Amino acid sequence: MKDNDKINDVVSLSDLELPEDLKKLTLRQCIQLCSEIRNILISTVSKTGGHLASNLGAVELTMAIHRNFNSPDDKIIWDVGHQAYTHKLLTGRADRFSTLRQEGGISGFPKPDESVHDSCICGHSSTSVSVACGIAEAMKHQGKDNYVVAVIGDGAMTGGMFYEAMNNCGREKDNNVIVVLNDNNMSISKNVGALSRYLTSLRNTQRYLHTKRAVEKTLVNIPVVGMPVAKSIKNAKDSVKSSLLEQSTMFEDMGFIYLGPVNGHNLKELEEVFSVAKSYHQPVCIHVKTVKGKGYIPAEKNPGEYHGISKFDIVTGNPEVSASECFSTVFGKELVKLGENDKRICAITAAMKYGTGLQFFCSEFPDRFYDVGIAEQHAVTFAAGLASMGEIPVFAVYSSFLQRSYDQLIHDVSIGRLHVVLAVDRAGIVGEDGETHQGLLDVPMLTSIPNTVIYSPSCYEELKMCLKRAVYEDKCIAAVRYPRGSDNSDFDKSRLNTEYTFTDSEKRDILLISYGRIYNEIYNAQTVLSADGIECGLLKLTRIYPLPKDIFDRIAEYKQVIFFEESMGSGSISEKLGAGLAERSYKGIYSRVTADYFVKQASVQSCLEKLGLTCGKIVEYVRKRSFANGTS
């Protein structure tokens with residue numbers, strides 16, 4: 001912004017050098033800019049899909065942070081990172097914001113290689129305070145006096161890592177960590193009336209802080225009686241505060257100064273409390289109250305539906321593609337059917353009731369449904385407790401979030417051979433959410449745990465069959481993994497089962513192997529290749545781990561075996577099958593196509609194309625291998 005611009009002129013994001021120019025604006029200009037930002041958020045997400053409600057609720061908060069801190073010297077950490085859209089707009093990415101979550105565009109989460117203003121990657125929750133604590137300590141080592149601001153949602157507070165970090169960070173009295181609790185849903189404190197509001201308002205002002213410090217200094221300097229009087233006043237104050245301001249005690253017991261609650265949509269209040277917080281130079285927690293979906297009525301009325309949403313019509317708020325049957329809903333409805341006949345079945349979610357299809361079970365059997373919050377570790381050990389008493393717990397969880405519970409699966413479930421069912425949703429590529437959410441590591445993780453069985457159904461009917469077997473036949477960790485979205489398969493379903501299906505070719509030249517939705521791709525590739533005179537056998541695995549021992553002799557009949565797998569290669573099923581063939585001295589040629597890198601955001605189809613896991617890419621790969629090895 002030019003220096004001669006009038007202070008009351010209307011400004012736009014395109015007029016500003018960001019984030020530096022934000023400090024030059026009047027509050028009126030900032031309010032007007034917040035309105036522009038909300039319009040951009042609604043317009044963009046309506047076209048790209050993404051996390052809308054949480055971002056609409058954090059506009060003023062983000063504006064106030066950037067006006068009161070100096071990024072990138074001061075570090076801002078977003079937890080979970082899906083509330084960082086306004087941060088991206090205010091840090092020089094407005095001209096690219098239309099590419100949000102698109103291939104080659106900007107990520108839906110903070111990414112340091114995208115901007116110096118993104119301090120760390122944050123796609124999973126409850127990590128921000130840990131990161132902030134580490135950064136603050138590094139700053140002290142380096143002689144820097146900058147601030148670290150960790151913005152965490154109230155939902156992320158249900159994760160145990162938050163408390164571990166707060167406990168550790170609060171012990172370091174000389175750091176500049178400011179934790180901002182963005183409370184847009186859960187009430188963490190009692191409403192204690194006008195006196196509480198008055199005291200809260202008073203203690204969040206510079207005048208109160210200066211007066212408090214002056215009184216303390218004066219009392220301490222009075223000979224003989226000064227210190228005892230100061231201690232008595234402090235004890236009395238703490239007693240009153242404990243009874244009237246219960247929300248502050250937890251944070252202050254952990255060593256933090258507590259400020260709040262503050263209206264998260266009032267810029268003046270936010271800037272005042274940030275000014276106070278900065279003056280302490282010790283750990284501070286600011287409690288900010290916001291409205292999820294603020295400024296867009298459909299999102300305000302139904303914030304859950306607009307947390308993560310596909311493309312939608314701005315006028316009506318309706319998604320372009322209405323929610324239809326998908327793997328998640330098929331799982332959820334089938335679990336209800338099983339639950340009707342067996343009261344031992346319990347359902348567990350980690351704050352993903354709707355995302356995992358468990359809303360149906362919750363509605364039918366509320367006494368057997370448990371939402372433990374964003375606490376995957378607790379969910380698994382909680383399930384272990386249920387299982388130890390003869391219950392049948394089913395934990396429905398996204399593949400990428402299951403990673404957080406690795407130790408619990410080993411220590412609390414596997415060693416004791418307890419029966420816990422894992423419904424692993426979003427297995428494989430998920431698309432636009434990018435690296436932090438792709439479900440490419442659940443197979444390598446689970447196959448490393450003894451007493452584990454894994455199923456990967458290729459269609460809805462197979463999912464139902466596998467779920468029933470996992471619930472009633474397996475007496476160990478039984479994981480049923482399935483992809484995001486709908487069943488678009490068209491392969492022959494006449495021989496569905498929960499083990500495997502061989503479709504032999506007469507020549508035994510090439511065998512194609514896969515599981516899950518990729519089986520449909522090799523099925524269609526076989527048809528294309530057959531027209532070219534390249535005959536291929538097919539092996540569809542359904543129980544993918546442990547591998548059935550009786551398949552190896554049949555596989556060994558083929559001159560060339562190719563495994564196409566939607567997983568990271570290291571620790572994958574294809575790796576284990578290759579090792580099994582080697583142990584049996586297989587004389588043919590074995591190759592596999594897997595992921596070997598973190599897959600960035602793009603459509604599911606584009607991601608699979610790049611990995612070589614679509615019908616067209618499979619055909620290309622087989623043709624080259626066939627001609628090169630003389631098996632056509």
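A: Arg-417 counts as exposed, since its relative accessibility is 53% (exposed means over 50% relative accessible area, buried under 20%, and partly exposed in between, with a 1.4 Å probe and protein chains only). The model is a predicted one, in which local features need pLDDT of at least 70, side-chain atom pairs count only at pLDDT 80 or more, and totals for chains, interfaces and linings use all residues. Residues are numbered from 1 along each chain as its sequence is written, and side-chain values use heavy atoms, with hydrogens and water left out.

Arg-417 sits in the loop between helix 17 and strand 9 (helices are DSSP runs of H or I with at least four residues, strands are runs of E with at least two, and both are numbered from the N terminus). Its phi is positive, about 50°, although Arg-417 is not a glycine. Most residues other than glycine have a negative phi, and most peptide bonds are trans.

Helix 17 (residues 406–414) packs with helix 15 (residues 376–388) at an angle of about 10°, and their axes are 9 Å apart. Axes here are lines fitted to C-alpha atoms, for helices over the stretch in contact, and angles between N-to-C directions run from 0 to 180 degrees. Helix 15 is therefore roughly parallel to helix 17 (under 35 degrees counts as roughly parallel, over 145 as roughly antiparallel, 65 to 115 as roughly perpendicular, and the rest as oblique). On the side of helix 15 the contact is made by Gln-377, Val-380, Thr-381 and Ala-384, and on the side of helix 17 by Gln-408, Leu-409, Asp-412 and Val-413; contact means heavy atoms within 4.5 Å. By class, this contact has four nonpolar, three polar and one charged residues (Ala, Val, Leu, Ile, Met, Phe, Trp, Tyr, Cys and Pro count as nonpolar, Asp, Glu, Lys and Arg as charged, and the others, Gly among them, as polar).

Strand 9 (420–425) is one of the elements against which the buried residues of helix 13 pack, and the others are strand 6 (345–349), helix 14 (359–364), strand 8 (392–398) and helix 19 (460–472). Helix 13 (residues 327–341) is largely enclosed by the rest of the structure, because 11 of its 15 residues are buried. The buried ones include Phe-327, Phe-331, Glu-334 and Leu-338. From its first C-alpha to its last, helix 13 reaches 22 Å, close to the 21 Å expected at 1.5 Å a residue; the expected span is 1.5 Å times one less than the number of residues.

Arg-101 is buried, with a relative accessible area of 6%, and it is found in the loop between helix 4 (85–89) and helix 5 (128–141). Leaving aside neighbours within four places in sequence, the contacts of Arg-101 include Thr-48, Tyr-85, Glu-432, Asp-433 and Gln-601.

The bond from Leu-18 to Pro-19 is cis, with omega near 5°, and Pro-19 is in the segment before helix 1. Asp-79 and Val-80 are joined by a cis bond with omega of about -5°, and Val-80 lies in the loop between strand 1 and helix 4.

Strand 1 belongs to the next topic, the sheet. Five strands form an open sheet in the order 1-2-3-5-4, with parallel pairing (two strands pair if DSSP finds at least two bridges between them). Its edge strands, which each pair on one side only, are strand 1 (75–79) and strand 4 (257–263). From one strand to the next, the twist averages 15°. Helix 11 (residues 267–280) packs on this sheet, touching strand 3 (177–183), strand 4 and strand 5 (284–289), and its direction makes about 170° with that of strand 4.

Helix 11 also packs with helix 1 (residues 27–48), at an angle of about 115° and with axes 11 Å apart. These two helices are therefore roughly perpendicular to each other.
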